[in-house]
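My notes follow in the order in which I took them.

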Amino acid sequence: MKTSSGLSRREFFTKSTLGLIGGGFLGPISYTGEKSAEEDKLKIKEYRILGRTGFRVSDIGAGDFDDPAPFRGLLDAGVNYIDTSETYGQHGRKIAEVIKGRDRSSLFISSKLQADTSIRHIATAGIHKEGFLKRFYRVLDTLQTDYLDCLMISSPETVDDLFCKGFHEAAEQLKKDGKIRFVGVSHHGSQWFYRKPRMSMEDILLAAAEDGRFDVMLMAYNFLKEDRSEQILEVCDKKNIGTTLMKTTPIRSYNFMKEYYERKKARGKELSSEELKNIARMEKKMEKAQDFIKRYDLKSEQEIRDAAIKFVLSNPFVHTVCTTVLNFNDMRNFLKLSGSRLERRDKKLLSVYAQDCGEFYCRHACGICEPACPHEVPVNTIMRYDHYFSAQGREKHAMTQYAHLGSHSAENCTSCEGYCEKACPYGVPVQTLLSAAHQTLTFS
Ligand code: SF4
Ligand code: SF4
């Protein structure tokens, strides 16, 4: 069967530029490359004051990484904000290697502790002051540094968790002992599901801003998730709270759906009527977008990624953007964006991408559809794990986290009426995305 562009369905999937855009944006980033002499010239061009901390942070910050070499390149180029967490495993040891011998006072290092007792090691240590202190010193030991610039409480599920007595008592003690300088909170949506009445990222961060004890916030914000994240950023500006971002490039959509359908067919399984509708819907959008691709001479996914970063850097209330840097190409791309702002062409790219591929993005920190699920499947959390695997290349971490969901995994989704999908106000074909994520995260 031929589409109206004259390509067979399979050719359309593999040859259409927007198919590549919608899809190629998704796969694990697999660039290779070595640092060149030209890259030595790349430098951070803009520093911003991180709210009341008074610290001048680079607009591009360093988050997760795999290979220490490009991470070292970032620091050499002037990146001075480092985001880490007690849950990042060997990441901390690698940071220790890279910061060894550098002027510690030139770096702002932030780490996070969770307050969720359903996580085994946290339940073991306890969420009283001593438990937090024990975990904090473990982080400090891993990083091989004398102090942290900021200690954050990580993704509190409720305002009660945010104000966790043990965390704040520990933070007070650590400030007195000169082991931390500031306190922060990080949030990117629910960690799990209905063990407690769930609160949104926005409600929790706004409560944190009101409280007055939090100097820095790390949150999810991107061009497909503006509304209430921008409200938080404005409040932070008024209260002089430092703002750092994650989940800034929500560029994913189609390819993994296509692969999922193809795998399913290869196993001799029929596609459901909903899945066939999804394919038809996507084809229509791809065809509609061809004019735009030609007019703007769009060549690669990176152009949309770059525009997404420029979008957040253009917000004056944003201080630094935590990046995931897996290789030298990532390093080069992020450094080039330092000091940049959204231009007319970028705005157009993002607006067309939002229109044509935005519905394939399950919004970080959303969860609106979750109460509709009879099996208590944590939709948004699963899609975040899938993002770790597919977009950030953190495969082991994603699969380990997913394994903890047990009977609440997306295995439930294959024989379901898709209640969550019907409840999604953004039209995300989430049932298919969940089934595809289940395959990815379990190798099933
Ligand atoms: S599928 Fe839709 S409603 Fe559900 S979490 Fe994702 S974006 Fe939100
Ligand atoms: S597809 Fe069904 S089982 Fe899966 S999350 Fe949605 S409502 Fe729950």
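**Helix H9**

I began with helix H9, residues 165-176, which has 12 residues and reaches 17 Å from its first C-alpha to its last, close to the 16 Å expected at 1.5 Å a residue. I note here that the model is a predicted one.

I then asked which residues of H9 are buried. They are Phe 167, Ala 170, Ala 171 and Leu 174. These residues cover an arc of only 100° around the axis, which puts them on the same side of H9. On the other side of H9 I found Lys 165 and Lys 176, both exposed.

Next I looked at what covers the buried residues of H9. The cover includes strand S5 (108-114), helix H7 (129-143), strand S6 (148-154) and strand S7 (180-187). After the helix comes Gly 178, with a positive phi near 70°.

**Helix H11**

I repeated the check on helix H11, residues 227-239. Its 13 residues should span 18 Å at 1.5 Å a residue, and the end C-alpha atoms are 19 Å apart, which agrees.

The buried residues of H11 are Ser 229, Ile 232, Leu 233 and Cys 236. Seen down the helix axis, they fall within an arc of 100°, so they line one face of H11. Exposed residues Asp 227 and Lys 238 sit on the face turned away from that buried side. I listed the packing partners of the buried residues as helix H10 (201-211), strand S8 (216-220) and strand S9 (242-246).

What follows H11? Asn 240 does, with a positive phi near 60°. Asn 240 lies in the loop between H11 and S9. I counted 13 other C-beta atoms within 10 Å of Asn 240, which is partly exposed.

I flagged Glu 376 as well, where phi is near 50°, a positive value in a residue other than glycine. Glu 376 belongs to the loop between H16 and helix H17 (379-390). With 15 other C-beta atoms within 10 Å, Glu 376 is partly exposed.

**Arg 345**

I looked up Arg 345 and found this residue in helix H16, residues 344-357. Is Arg 345 buried, exposed or partly exposed? Arg 345 has 13 other C-beta atoms within 10 Å. The cut-offs are 20 or more for buried and 12 or fewer for exposed, so a count in between means partly exposed. Arg 345 is therefore partly exposed.

I also took one distance across the chain. Arg 345 and Ala 307 are 38 residues apart in sequence, and their C-alpha atoms are 8.7 Å apart in space.

**Surroundings of the ligands**

I went on to ligand 1. Its shell has 13 residues, the closest being Cys 362, Cys 366, Cys 369, Cys 424 and Val 430. Sorted by class, this shell has 10 nonpolar, two polar and one charged residues.

For ligand 2 I found 14 residues, of which Cys 373, Val 377, Cys 413, Cys 416 and Cys 420 come nearest. Helix H19 (419-423) and helix H20 (430-442) are the elements that give two or more residues to this shell. By class, the shell around ligand 2 has 10 nonpolar, four polar and no charged residues.

**The core and Val 379**

Which residues have the most contacts inside the largest nonpolar core? They are Phe 136, Leu 151, Met 217, Met 219, Val 379, Ile 382 and Val 430, in a core of 112 residues. Helix H14, residues 301-313, gives the largest share of this core, with seven residues.

I picked Val 379 from that list and looked up its contacts, leaving aside neighbours within four places in sequence. Val 379 is in contact with Gly 367, Cys 369, Glu 370, Cys 373, Cys 420, Val 430 and Leu 434.

**Whole protein**

I closed with the totals. The protein has 20 helices and 10 strands. Of its 444 residues, 48% are buried. Among contacts with a separation of 6 or more, 79% join residues 24 or more positions apart.

Terms used:
Residues are numbered from 1 along each chain as its sequence is written. Chains are lettered from A and ligands numbered from 1 in the order in which they are written. This is a predicted model: local features need pLDDT of at least 70, side-chain atom pairs count only at pLDDT 80 or more; totals for chains, interfaces and linings use all residues. A residue is near a molecule or strand if its C-beta atom, placed from the backbone, lies within 6 Å of it. Ala, Val, Leu, Ile, Met, Phe, Trp, Tyr, Cys and Pro count as nonpolar, Asp, Glu, Lys and Arg as charged, and the others, Gly among them, as polar. Helices (H or I, at least four residues) and strands (E, at least two) are DSSP runs, numbered from the N terminus. The expected span of a helix is 1.5 Å times one less than its number of residues. The arc is that of the directions from the helix axis to the C-beta atoms. Two residues are in contact if their C-beta atoms, placed from the backbone, lie within 7 Å. A nonpolar core is a set of buried Ala, Val, Leu, Ile, Met, Phe, Trp, Tyr and Cys residues joined through C-beta atoms within 7 Å.
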